[in-house]
Structure formats: C-alpha cells, structure tokens
Amino acid sequence: MSLDTQTGPTIRGTGVVAGLAYGVARWVGRAEQAAAVEPDGAAPGGPPGEEQLEADRERFVTAATTVAGRLDQRAALATGVSAEVLAANAVLARDRGWAKAVVKELKKGLGVEAATMAATETFVAMFTKVGGRQAERVTDLRDICARVVAELRGLPEPGIPEFDEPGVLLADDLAPADTAGLDPAMVLGIVIEHGGPTSHTAIIARQLGIPCVVAAAGLTEVADGSRVLVDGGAGTVTVDPDEAAAQDAAAADRRFRDVAAGWTGPAVLADGHEVSLYANVQDATGAEAAAAGPAGGIGLFRTELAFLDRPTEPSVDEQAEMYARVLGAFPNAKVVTRTLDAGSDKPLAFAGMTEEDNPALGVRGIRVDLIDRGLLDRQLDALAEAGRRTGGAHSSPWVMAPMISTVDEARDFADRCRTRGLTPGIMVEVPAVAVAVDRFLPYVDFLSIGTNDLTQYVMAADRMSSGLAALTDPWQPAVLRLIRSVARAAATVPGGRSVPVGVCGEAAADPQLACVLLGLGVSSLSVATAALPFVGAALGEVTLARCRELAALALDCDTAREARAAVMAAGA
Ligand SMILES: C=C(OP(=O)(O)O)C(=O)O
C-alpha cells in the first residue's frame with residue numbers, strides 16, 4: 001500500500017514484507033553490542049601454560065553451553081521457522097569446531113574473549129567466501145559470539161530493547177535469535193541497514209507478518225526516538241511524516257492486511273473479470289513455493305539471480321535441469337523465463353563484463369551479446385531442452401530478453417527463439433522501446449514492462465540511490481503515460497493481432513498502483529510471492545471500470561505524489 005504522508009526525508013531499501021507501520025523508532029542496543037565485542041587483547045604473560053589453557057577452554061565451553069541452553073529454551077517456546085532458527089543457532093553455539101578454533105587462538109596468547117572473537121572471525125571469513133545463504137549466516141555467528149562474550153563478562157545478553165509502546169525496530173543487522181522472539185503486537189515494523197531478502201530477519205518477519213525493509217542504506221542517520229513510517233511494499237522509511245495521515249494510513253493498512261491474510265486466489269475483479277496474477281521468482285525453490293500458493297503462473301523468472309554466486313557458466317544440461325523444475329512447478333500455467341539480465345547491480349562473474357564507469361548504461365542484459373553471443377544461445381538451448389523435459393506441458397516456453405533498446409535486437413532475439421521453438425517476448429524498460437513500441441510489436445509475441453528500470457531510465461535517476469527515491473517512483477506521470485501508450489499500441493497491432501502486455505516490476509506489487517495498471521490496459525501483473533495476497537485482495541474490491549477511472553485520475557496529475565494521493569483519496 002502506498003500513501004501520501006511524506007514531509008521528512010525518505011530512506012530506500014528493499015521491501016521484503018508488505019505493509020505499513022508507523023511508530024517511534026527504536027534502535028537495537030548498538031552500544032551494548034559494541035561493548036560486548038570489545039577485544040580483550042593478548043592474555044598477560046604470553047601463551048598460557050597447560051593449566052591456564054584448560055581453565056580458559058573450560059570458561060569458553062561453559063559460556064557457550066549456557067548460551068546454547070538459553071537458545072534451546074527460546075526455541076521450545078517458539079514455533080515454525082523461528083523455532084528452527086533458534087535451534088540451529090543453539091547447535092552452532094555447541095559446535096566443536098568453534099571450540100577447537102578458540103583453543104587455537106588461546107594458544108597464541110589471546111585472552112578468552114579475544115580468542116572467542118578471533119575464532120568466530122575465522123568462520124565468518126569462511127562463510128563469506130562461500131557466499132549466498134551461507135554468507136547470510138554470518139549474522140548468526142556474530143550474534144552467538146556477542147552472547148558468549150557477554151556471558152564471559154557476566155553482562156546481560158545483548159539484544160532487543162524493551163518497548164514501552166508499540167514501535168519500529170531499527171538495526172544495523174538483526175540477530176536471528178532476537179527476531180525469533182519478537183512480539184508483533186509491540187514491534188510494528190522492522191528496518192535493517194544490511195541483510196538481504198533471504199536473510200533470517202526477512203524470513204522471520206514474513207512469518208510474523210511484520211512489515212519489513214532490508215538493505216536500507218543510510219538508516220544510521222535516523223535517530224532513536226524519531227517517528228518513522230515504514231512501507232514494506234515500497235521498501236521505504238519516511239522520517240517524521242505527517243502524523244495524522246501516517247496514523248490513518250497505517251490503520252487502514254492493518255485492516256487491509258487482515259483481508260489479505262484470508263485471500264487464497266484466484267485473482268478476480270469485483271465484476272468477475274479474471275486477472276492474470278503471476279509470481280516473480282529466482283530459482284526452482286521459489287517457483288515451487290509460488291506453486292503452493294495462489295500464483296496463477298510465473299510472470300518473471302530472473303535467471304541471473306539463480307546463478308549470481310557462480311564463478312563459471314553453468315552447463316546447458318544444468319541450466320535445463322533448473323529451468324525444467326521451474327516450468328514443472330506450473331504444468332498448466334504460463335511461465336515466463338527472462339534471459340540473463342547480467343550487469344549493473346547484478347554482476348555475473350561468467351558473463352565476461354569489464355568494469356565500466358556507468359554500468360546501468362553499459363553492457364547489461366541483451367547487450368552481453370556484444371561480448372559473448374554464445375552465452376544467450378546456450379541459455380536458449382537449455383530452455384528449449386527444459387521445455388522438452390516437461391513432457392509436453394510447456395511445448396513452446398515463453399522467454400523474454402531484458403534491456404532491449406533497438407528493433408534489430410528484438411528481431412534477432414525473436415529469430416533465435418523461434419528457431420528453437422520458443423515463444424519470444426521483450427521487456428519494455430528502455431524508453432526507446434516504449435516510445436516506438438509499434439515498430440517492435442510485429443516481431444514479438446508478448447511484452448513485459450519492467451517498471452523498475454523503465455522508471456530509472458525515464459527519470460534519469462539511479463534506482464539504487466536512496467536520495468533519489470522520490471524520482472524513481474513508478475507513480476511518476478511520465479511513466480504512467482508510457483505504460484498507457486505501450487498497452488494501447490499492443491492492443492491493436494495491424495493485422496488484427498493483439499500482443500499481451502504484463503508488468504513485472506515492483507509497481508505491480510503496490511495494490512493501488514496494480515489497479516491503475518489494469519486501468520491503463522495492462523493484461524497481467526507479476527509480483528513477489530509475498531505480495532500476491534495484497535494485490536489479489538485489492539483487485540477483488542474494484543471493477544475494471546473503476547480501474548479505468550483510477551487510471552484516468554492518476555494520469556491527470558502533475559506529480560507522483562499527486563497521482564498517488566488522488567488514487568488514495570478516491571478510496572482505492
Ligand atoms: C523487473 C525488472 O527487472 P529487475 O530484475 O532489473 O528489477 C524491472 O526493471 O522492473
């Protein structure tokens with residue numbers, strides 16, 4: 001849900017649990033945590049004798065066992081993912097490898113606290129090197145270390161402050177053991193400066209239904225005690241917003257979330273008009289999770305994210321296996337695979353790109369063809385093979401290319417798809433395509449509007465820049481106008497054909513904007529799985545005629561703020 005309550009600065013991150021939360025900001029005990037990990041340096045007198053070594057080892061083991069026992073107790077009181085995370089952390093605290101590493105550091109002459117920290121950092125370096133989900137466990141390791149060090153010092157365990165009124169929790173990074181014990185009645189929202197969409201914080205916030213934003217660069221500027229409005233759908237944190245408007249919006253959002261919690265699909269407007277509402281996924285596990293919920297198919301499979309941590313190109317066979325699993329998750333529904341969108345914010349080690357001054361305007365997406373034409377060919381081969389492996393369920397898989405900007409690129413891509421029996425489409429994210437879309441339509445079978453990049457390029461504003469968040473807002477009238485003209489052109493292609501137009505950028509995950517997009521003529525929406533119920537529930541409350549009225553209201557505005565406010569005021 002979006003709203004018009006802004007008066008203070010906005011910080012932008014990645015929204016991982018949709019919803020609005022308004023309240024006082026409470027920082028997780030930074031001071032206590034810092035104190036808890038202050039090194040105690042080398043033990044006086046150099047390397048210890050046998051007796052001292054054994055005494056220090058014993059102190060470490062006792063502290064680690066005590067911490068593990070507390071984690072077990074909390075696991076027993078928790079449920080679901082929270083219980084699993086706490087139990088897994090208790091196992092880490094008792095890990096013999098960790099104890100051995102501590103002894104190794106003790107032998108070098110470090111005191112027991114410093115040895116605990118040094119041993120932890122050895123594992124941190126190892127986990128970071130492995131990357132991916134393993135790297136996200138670094139927070140767990142450091143958290144357990146801080147707890148053990150606090151125990152060694154006889155200090156209370158570091159962690160979440162006591163809330164005397166419901167508020168919003170801010171942290172550099174949250175310890176999983178802390179998130180697992182959160183009370184959603186008191187913690188209305190969570191914002192962390194680090195972490196990713198698959199971090200434990202995100203997973204547990206999702207389970208508890210707490211609006212959450214991760215990777216919020218610049219969060220440290222927000223003072224403890226200030227009032228903030230968190231928008232977990234848009235991924236924003238507004239500092240000192242207009243109080244009455246923020247309170248109203250958060251209350252309305254809570255009511256809406258109750259409705260969304262009961263939404264199980266399929267997506268149908270209030271007049272019975274069916275809407276194609278798809279999921280955005282990044283790997284086979286995500287596709288299978290989406291298939292277990294109300295998704296009507298997959299509108300965007302971001303293949304580059306499946307291989308982000310790979311140093312070398314996966315073989316055609318390995319790719320085919322992964323794509324076949326994704327296709328197989330939806331045997332009776334559409335699955336749209338996007339070819340590798342390497343470059344810019346998603347560097348792929350094996351795509352052969354060199355460093356550029358301005359990577360968002362450089363070699364990315366389809367342009368990788370300029371340096372390695374075989375990469376795309378091999379990916380298309382793999383997708384065609386994946387289609388064959390589905391036993392006829394996906395006889396002509398849908399595939400689209402990112403960052404298309406010329407008709408030549410679109411034509412060439414479509415030819416290479418058709419010779420392999422694939423159904424070709426292109427993403428509309430470069431203004432050149434949106435402006436001259438009629439010239440592209442004869443060559444492709446579908447369009448998918450990537451509003452994240454389209455907005456970035458229309459507004460000439462880096463989508464990664466939190467300071468430019470007001471510009472990279474898909475409610476910008478120029479963006480809405482372009483979407484309308486693309487949808488109109490695609491509805492009436494000469495020769496009596498019509499080309500379906502979807503939106504797969506974050507704009508589709510904003511429930512009000514989703515209604516506007518349908519009113520602009522878009523035929524399908526694709527959003528993160530977690531956002532599906534919010535969009536689905538909002539669509540169920542409007543007719544197509546109403547969507548068109550809302551679109552007209554938004555188009556008749558001069559600014560993104562006005563457009564959003566006009567649609568909100570109309571009660572969408
Ligand atoms: C869906 C899009 O692509 P990306 O993966 O770059 O966000 C977009 O740009 O809207």
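**Notebook: loops, sheet, helix, ligand**

I began with Ala-215, which I found in the loop between β6 and β7; helices (H or I, at least four residues) and strands (E, at least two) are DSSP runs, numbered from the N terminus. I noted that this is a predicted model, where local features need pLDDT of at least 70, side-chain atom pairs count only at pLDDT 80 or more, and totals for chains, interfaces and linings use all residues. Residues are numbered from 1 along each chain as its sequence is written.

Is Ala-215 buried or exposed? Ala-215 counts as buried because it has 22 C-beta neighbours inside 10 Å. I used these cut-offs: 20 or more other C-beta atoms within 10 Å of a residue's own make it buried, 12 or fewer exposed, and anything in between partly exposed, with C-beta atoms placed from the backbone. Phi of Ala-215 is near 50°, a positive value in a residue other than glycine.

I then turned to Ala-460, in the loop between α18 and α19 (477-491). Ala-460 has a positive phi of about 50° too, although it is not a glycine. Ala-460 counts as exposed, because it has 10 C-beta neighbours inside 10 Å.

Next I looked up a proline. Pro-266 lies in the loop between α10 and β9 (276-281), and a cis peptide bond with omega of about -5° joins Gly-265 to Pro-266.

Then came the sheet. I read an open sheet of 8 strands with mixed pairing, in the order β1-β8-β7-β3-β4-β5-β6-β2. Its edge strands, β1 (10-12) and β2 (14-17), each pair on one side only; two strands pair if DSSP finds at least two bridges between them. Inside the sheet, β5 (residues 187-192) and β6 (residues 212-214) run parallel and are joined by 2 bridges. There Ile-190 stands opposite Cys-212 in β6.

How far apart are the end C-alpha atoms of helix α2 (residues 50-77)? They are 41 Å apart, which agrees with the 40 Å that its 28 residues should span at 1.5 Å a residue; the expected span is 1.5 Å times one less than the number of residues. I listed buried residues of α2, among them Phe-60, Val-67 and Leu-71.

My last entry is the ligand. Around the ligand I found Leu-300, Arg-302, Asp-341, Glu-429, Gly-450, Thr-451, Asn-452, Asp-453, Cys-504 and Gly-505, counting a residue as near if its C-beta atom, placed from the backbone, lies within 6 Å. Helix α18 gives the most to this shell, with 3 residues.
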